[in-house]
Amino acid sequence: MVDLESEVPPLPPRYRFRDLLLGDQGWQNDDRVQVEFYMNENTFKERLKLFFIKNQRSSLRIRLFNFSLKLLSCLLYIIRVLLENPSQGNEWSHIFWVNRSLPLWGLQVSVALISLFETILLGYLSYKGNIWEQILRIPFILEIINAVPFIISIFWPSLRNLFVPVFLNCWLAKHALENMINDLHRAIQRTQSAMFNQVLILISTLLCLIFTCICGIQHLERIGKKLNLFDSLYFCIVTFSTVGFGDVTPETWSSKLFVVAMICVALVVLPIQFEQLAYLWMERQKSGGNYSRHRAQTEKHVVLCVSSLKIDLLMDFLNEFYAHPRLQDYYVVILCPTEMDVQVRRVLQIPMWSQRVIYLQGSALKDQDLLRAKMDDAEACFILSSRCEVDRTSSDHQTILRAWAVKDFAPNCPLYVQILKPENKFHIKFADHVVCEEEFKYAMLALNCICPATSTLITLLVHTSRGQEGQQSPEQWQKMYGRCSGNEVYHIVLEESTFFAEYEGKSFTYASFHAHKKFGVCLIGVRREDNKNILLNPGPRYIMNATDICFYINITKEENSAFKNQDQQRRSNVPRSFYHGPSRLPVHSIIASMGTVAIDLQDTSCRSTSGPTLSLPTEGSKEIRRPSIAPVLEVADTSSIQTCDLLSDQSEDETTADEEISSNLEYAKGYPPYSPYIGSSPTFCHLLHEKVPFCCLRLDKSCQHNYYEDAKAYGFKNKLIIVAAETAGNGLYNFIVPLRAYYRPKKELNPIVLLLDNPLDDLLRCGVTFAANMVVVDKESTMSAEEDYMADAKTIVNVQTLFRLFSSLSIITELTHPANMRFMQFRAKDCYSLALSKLEKKEREKGSNLAFMFRLPFAAGRVFSISMLDTLLYQSFVKDYMISITRLLLGLDTTPGSGFLCSMKITEDDLWIRTYARLYQKLCSSTGDVPIGIYRTESQKLATSESRETASQSQISISVEEWEDTKDSKEQSHHRSNHRNSTSSDQSDHPLLRRKSMQWARRLSRKGPKHSGKTAEKITQQRLNLYRRSERQELAELVKNRMKHLGLSTVGYDEMNDHQSTLSYILINPSPDTRLELNDVVYLIRPDPLAYLPNSEPSRKNSICNAVAQDSREETQL
């Protein structure tokens, strides 16, 4: 192998670096040639062209110099006119000759020489083979007219006083100004507004016309009235403004002809300029212009990126964003690719919004539009998806691209992104805050089946409210409901708090109970200073630290509260009772005043740790003492953490041996072995030991493993939960997991039926007659409609049909638009709903963000709109913890040591507790649960005409087959309805009485005389009975006939049961003295059971849990 280094002689060390740069002359055998490359042709013309034309900065300097020369020539002309003393006479020589001093002539000649030389040079550099194209240009002709006579006068002195129309240089100055603006844009590499350029051109054109007319009239009138420049200016302004006073008029025919010519020029030039300006103005109104760079650097602003902007979305964002006091000085820049809607334009013209909201038409994928919105200076960027599109995946793809574009352009700008499909979340995991619509939607629908009205609870918590809604209503429930709706989640550092500072070193439950008792605030969670995870109700073993961040529910934040102690004498007059008996708890000592809101707080006096006995007096006949409430300990011990009878859920350890064996063979606790999408939080839940074959998942079709074809044949022990959806998407994972959570007892697990289509036959097969809940998910195919609000039409009508067919069925519905909630369970003659509609309008006029909250379906949690959760993303700008807390409440995220949301029902055995404060103490001292609200159901006091009509008709029992006497039956039913009016029960509640009545009617019909016209009477009676049947009976007969046709049993179908006479509502963080009522459902945040499992004595369920958990963790590690 040849040595390559030996073939190339080395360079001399002394000259090596110099030779590399300059070349080595000593190398005689080196035939290399140095070549220089130029971007342009290396000629003198090209170098001049590069300096005068191509180079932006040098060209800008040349344009500026040329513009200054033209202005100087016009100024010299004005000076010459002012210095001239015209002689008397009307000779035409005054038109062609003027008086020009020698210094002035010298200056004008110098300017003319320079201008002409520059014009010829630029013409030479721009020459491309056609010389006439350069000569016949208007700027070149004007330059020749204004410069050549001065140059001739150098060689011909007698022509020094020759008149030269130097004032025409104003048009050359206008031309130079246009070129200068273009070069300025190229030099600074910024695109200015076309509106600015057009306005500048229009103004310069007007000035040139006026200046030309002034100078022309003044010069031509030298042989007439001899007008000065001011009189000429006055005449031009009066003439061009079409006023025409007539006090100054031209006398000579030449000046008159000149005026006619100038008017004609103005009539041609100015309309063209105004048309272009109007067109640009209209386009500017559509595109929105630019956001000022100076304003972006001195003021704070956020950017809202949407694909289409609707009025509801805009108002929800603005109302929620500007509800926070510290955001009042922020600007909102809306970046949308579509033209502004008429309604949006009308709203943005309101002075309250026009000063703070700026609409820009543009795309987030263009850097130009992001620069217009000053995205790099923005405090935050909100990117919202369009949920009104049929293809929601395509909408997510657009959102993802927008998020990528913003992150690429402004990497330091915080991103708040809304996504629709959970499988697309991992594409935008870099965003600061993400809200996935389907995750939250299905989780709330699932929790609505366990904890009633969870959707309403979450919606009220994430909305900013004043707590003044419904306070003018005559009904007490609306006042309580509206006042409690003002509660929100706030945060504060413990050592800086008046609410919680005294509880440093004490347990969490002790701090939560006493803070509620003393200040009326509900402490729900904490976060360590060195930990990012929020813990909801970490339990009684958690010790509060001074640096902990406390999260609490209250009507307002602590910083906006003022604490005042009442007079000592007033305090001494309050009796110190130990609250025996059913007396009301005293409320005194401290008042927290927040503007127009005042909250009465509990007694602040210190009590002994043993505490008073909160037991009812013993009954005389039975010497049985009711259980008392134990005090909440400052530091919990093991014995205090136990389940009391009030809240005890029968666990697996309390079941019989046979039930335990059968249940363990069916279920095990662990993590799901498969994740439906990337980014789903692994949740510990109940699992089957063996995977069910796919063929067995079809409820209506038998397979080789089972022969069941309807839900009744399966013999489920618990009632069903039916989900009516269009497709089985990945979001259903978040519906199933909360219903199969590990903390739910196995005996309470409800079978889940997914119904992808809902005709009547399929509803009956899947067991709708004995279902606990039916969840109707808004269908994607109906979200796109010609009229926006018609997107819910199909869902509303289908739910109304279910409501009329199965009145006792609990239906939970999701809608696209919150305004359509008023059509749920619609009854035309319902006077109470009409009264609520008027109340909603009044609240909306007062500026409430929750005007729809008094609608009975929403208050009861039977309907919600996912668009109401858009405020969750908006609130995250101020409260960055709201998304994390909401996900923990809904079970979307599970943090070790964090509690979960559940509920308990107040029974007759629990009414001895009497008040919400005593319930709070009972829960904290026994199980460590923290109550956050009450779901209350009351009877509807205002009866409606339709309900009375339906009730009266439902009392009529008609049997077509037996041909009873309907008249007597109707009278008896009316008598019984009047007799049982106080109890409000139907005849269907007494089947024995009804059966005896029918038997008595049949005996009378058999004993009746038989006559020849019996057949005709029977037919007539049958027709009369069919006519008199109520609508409810017709629907019931339809359902029963379909069930018989399908071979289903009609047992269990209760067609007369009607729960429309009740109303339900939520009380978030009610006052401590709120009375408990029968059937109240209390929302609880229960501590994590796994956090307190003993390590030394693991139970049987722990061993199974750990075994399954380890296997599943290995499979689902992300």
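Arg 372 and Asp 369 are both buried, where buried means under 20% relative accessible area, exposed means over 50%, and partly exposed lies in between (1.4 Å probe, protein chains only). Their side chains meet in a salt bridge with an N to O distance of 2.9 Å; a salt bridge is a side-chain nitrogen of Lys or Arg within 4 Å of a carboxyl oxygen of Asp or Glu. The two residues sit in helix H17 (residues 367–372), three residues apart, which is about one turn of the helix. Helices (H or I, at least four residues) and strands (E, at least two) are DSSP runs, numbered from the N terminus.

## Basis of the model

This is a predicted model, in which local features need pLDDT of at least 70 and side-chain atom pairs count only at pLDDT 80 or more, while totals for chains, interfaces and linings use all residues. Residues are numbered from 1 along each chain as its sequence is written, and side-chain values use heavy atoms, with hydrogens and water left out.

## Other salt bridges

The count of salt bridges comes to 19. Side chains of opposite charge can pair when their charged atoms come close. In the pair of Lys 70 and Glu 143, the closest N and O atoms are 2.5 Å apart. Lys 70 is buried at a relative accessible area of 2%, and Glu 143 is buried at 5%.

Asp 548 pairs with Arg 528 in a salt bridge, the closest N and O atoms being 3.1 Å apart. This pair links distant parts of the chain, 20 residues apart: Asp 548 is in the loop between strand E9 (535–536) and strand E10 (549–554), and Arg 528 is in the loop between strand E8 (522–527) and E9. Asp 548 is buried, with a relative accessible area of 0%, whereas Arg 528 is partly exposed at 23%. Lys 425, Glu 439, Arg 887 and Asp 893 are linked in a network of salt bridges.

## Cysteines

A disulfide is a covalent bond between the sulfur atoms of two cysteines. The structure holds zero disulfides, a disulfide being a pair of cysteine sulfur atoms within 2.5 Å. For Cys 695, the closest cysteine sulfur is that of Cys 703, at 3.8 Å, which is too far for a bond. Cys 695 is partly exposed, with a relative accessible area of 31%. Cys 685 is buried at 4% relative accessibility.

## Packing of helix H21

Helix H21 (residues 476–484) has Trp 477, Gln 478, Met 480, Tyr 481, Gly 482 and Cys 484 among its buried residues. The buried residues of H21 pack against helix H20 (454–462), helix H29 (831–845), helix H30 (856–859), strand E22 (930–939) and E23. Contact means heavy atoms within 4.5 Å.

## Loops on either side of E23

Thr 1050 lies in the loop between helix H38 (1031–1045) and strand E23 (1062–1068). Thr 1050 is partly exposed at 25% relative accessibility. Leaving out residues up to four places away in sequence, Thr 1050 touches Lys 1040, Met 1043 and Lys 1044.

Most residues other than glycine have a negative phi. Asn 1069, which is not a glycine, has a positive phi of about 45 degrees. Asn 1069 is in the loop between E23 and strand E24 (1081–1086) and is buried at 6%. Asn 1079 is also in the loop between E23 and E24, and its phi is positive, near 70 degrees. Asn 1079 is partly exposed, with a relative accessible area of 39%.
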